[in-house]
Protein chains: 2
Amino acid sequence: MSEAAPRVAPITRDGNTSARVADAIREAILDGTYPPGSRLRQEEIAGRFGASRVPVREALKVLEADGLVTLVANTGAWVSRLTLAECEEVYQTRERVEPLLLRMSAPHLDTDAIDRLEVLATRMAETDDVEEFLRLDREFHAATYAGAETLVLGDLVTRLWGATQPYRRAYTLLIDAHRQRIVHDEHHMIVTALRENDLESAERTVESHIRRTRRLLAAHPEIFTDAAPAAP
Amino acid sequence: MSEAAPRVAPITRDGNTSARVADAIREAILDGTYPPGSRLRQEEIAGRFGASRVPVREALKVLEADGLVTLVANTGAWVSRLTLAECEEVYQTRERVEPLLLRMSAPHLDTDAIDRLEVLATRMAETDDVEEFLRLDREFHAATYAGAETLVLGDLVTRLWGATQPYRRAYTLLIDAHRQRIVHDEHHMIVTALRENDLESAERTVESHIRRTRRLLAAHPEIFTDAAPAAP
DNA sequence: GTATCCGTGATTGCATCCAATCTCAACAGG
DNA sequence: CCTGTTGAGATTGGATGCAATCACGGATAC
């Protein structure tokens, strides 16, 4: 490893080092610290967390199942890179699945929760910072789904969001998305539909919200052709 | 462990022991060898495969991400057991996602492939053996999706099938599903829709095919209350 | 100048060993 | 008779070390 990375976490012996490592790597991928195509070396990561390579390997396996990391036997691990086609596939899947999750969540959202959604939607329209926009966007949609008492579907949607996060960031940087009024209109439409308990309308709105993003991504294939050391 | 389990596989050193172990455990869960709720001991599995516990643990992590195994830190691993509500959730997800996968697959299925589908559907209607019925059913639907050149959606559907496989088996045993004419009618309807390149009809048919199964499962909650040593 | 073939260093995969934690049954107390 | 506690055994979690494999640069042939 090139430089002596400082230990990010103190030594804990709580019996789930690999889970901590997985969460930290996931976080680093989602916040852009590890961009798509970058190599993940076991020893470097292990050093960074004051752990051995065993829990790191387990974490990488988990992240591979999450679709965030691509492993090649005897060769190494890279942060997954999606092609445009794969990204569209994920978005199409989201178009089908997120309306369902919203439908399951809606009945359990009380007035307070919906008020908070409105606040988030408004703050999102006002911020100029891309990272904050992304964070609020994620938080908003997560909050719309928070009522769902699901075991598998919530995890699935989280995974789908995670897989496309780097491209959402690139696209937001490119498009200046917070300026696109339609995005915020859609968010407020979702809030209204939830307030009025109109599940049909809520479902249709998220669906077209996602579809619109997919089509915009498809209109900017250059996002997917950035050069960087990558796995095949 | 009670008896010395024979080595199932010869010693290979191809650099992916953990993948082999994961596949084998998955297989064992899907074919009912390890029923839901049964405990998976690392050492026993390691012995069975002539491997050490390290690759076994990696395999268990992967299977946990697949939803097939439930891990509890410092305690152990169990084959996942779904509640009726969770199972319905998975089925509802499948109702949304599989039509999409079929739509993506259909254009790439040639006449030969569709002929083979018809053969599978017919054989399924003729068999009396539950295990064979399950195998053919799985094979039929997998074949309808085989045209899809997807990276994530195919895996997702495979996962969803895997998570519900034990309950599909229990339900088939209970219901004598191969006698239910509607099942085979639906299969043939899918074949016909594919032959006529009618994507809308194909989508709607798989959707109701899955929905019907979900409702039948919901009508037999006793499937989910079998007593067995289980994780909380 | 280009393509092919090693050989060395770096990196991964796995087995073994030790520490930490949980399970479970026997036991003491109410 | 029931409940809470405790200690031995079983089981998991993680660190270290070694063998296998791969990446990559230099040398050689054409």
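In the predicted model, chain B contains an open sheet of 3 strands in the order 1-3-2, with antiparallel pairing. Strand 1 (39–40) and strand 2 (69–72) of chain B are the edge strands, and each pairs on one side only. Strand 1 of chain B is joined to strand 3 (residues 76–79) of chain B by 2 bridges, and the two run antiparallel. Within this pairing, Arg39(B) has Trp78(B) in strand 3 of chain B as its bridge partner. Helix 3 of chain B packs on the sheet and touches strand 1, strand 2 and strand 3 of chain B. The direction of helix 3 makes about 115 degrees with that of strand 2 of chain B.

The sheet of chain A is likewise described by strand order, pairing and packing. Its 3 strands form an open sheet in the order 1-3-2, and the pairing is antiparallel. The edge positions are held by strand 1 (39–40) and strand 2 (69–72) of chain A, each of which pairs on one side only. Between strand 1 and strand 3 (residues 76–79) of chain A there are 2 bridges, in the antiparallel sense. Arg39(A) has Trp78(A) as its bridge partner in strand 3 of chain A, and Leu40(A) stands opposite Ala77(A) in that strand. On the other pairing, strand 2 and strand 3 of chain A run antiparallel over 4 bridges. Val72(A) has Gly76(A) as its bridge partner in strand 3 of chain A. Strand 2 and strand 3 of chain A form a hairpin with 3 residues between them. In the turn of this hairpin, Asn74(A) has a positive phi of about 60 degrees. Helix 3 (residues 53–66) of chain A lies across strand 1, strand 2 and strand 3 of chain A, and runs at about 115 degrees to strand 2.

Taken as a whole, chain A has 9 helices and 3 strands. Along the sequence these elements follow the pattern α-β-α-α-β-β-α-α-α-α-α-α. Of the 232 residues in chain A, 37% are buried. Among contacts in chain A between residues at least 6 apart in sequence, 75% join residues at least 24 apart.

The relation between the two chains was examined by superposition. Chain A can be laid on chain B with an RMSD of 0.1 Å by a turn of 180 degrees and a shift of 0.0 Å along the axis. This is the relation of a two-fold axis. At the interface, 26 residues of chain A are in contact with 26 residues of chain B. On the chain A side, helix 3, helix 4 (84–105) and helix 7 (153–175) each supply at least two residues. Helix 4 of chain A gives the most to this side, with 8 residues. By class, the residues of chain A that touch chain B divide into 12 nonpolar, 7 polar and 7 charged. The copies meet through the same surface, because 100% of the interface residues of chain A are also interface residues in chain B.

Both protein chains contribute to the surroundings of each DNA strand. DNA strand C is surrounded by 23 residues, of which the closest are Gln42(A), Thr17(B), Ala51(B), Ser52(B) and Asn74(B). Helix 2 (42–49) and helix 3 of chain A, together with helix 1 (17–30) and helix 3 of chain B, each supply at least two residues of the surface near DNA strand C. This surface has 5 nonpolar, 12 polar and 6 charged residues.

Around DNA strand D there are 22 residues, and Thr17(A), Ser52(A), Asn74(A), Arg41(B) and Gln42(B) come nearest. Asn74(A) is also the residue with a positive phi in the turn between strand 2 and strand 3 of chain A. Helix 1 (17–30) and helix 3 of chain A, with helix 2 (42–49) and helix 3 (53–66) of chain B, each supply at least two residues of the surface near DNA strand D. Helix 3 of chain A gives the most, with 3 residues. The residues of the surface near DNA strand D divide into 5 nonpolar, 12 polar and 5 charged.

Conventions: Residues numbered from 1 in each chain as written. Chains lettered and ligands numbered in written order. Predicted model: local features only at pLDDT ≥ 70, side-chain atom pairs only at ≥ 80, totals over all residues. Pairing = 2+ DSSP bridges. Contact = placed C-beta atoms within 7 Å. Axes fitted to C-alpha atoms, helices over the stretch in contact; angles between N-to-C directions. Near = placed C-beta within 6 Å. Nonpolar A, V, L, I, M, F, W, Y, C, P; charged D, E, K, R; others polar. Buried ≥ 20, exposed ≤ 12 C-beta atoms within 10 Å, placed from the backbone. Least-squares fit on C-alpha atoms with pLDDT ≥ 70 in both.
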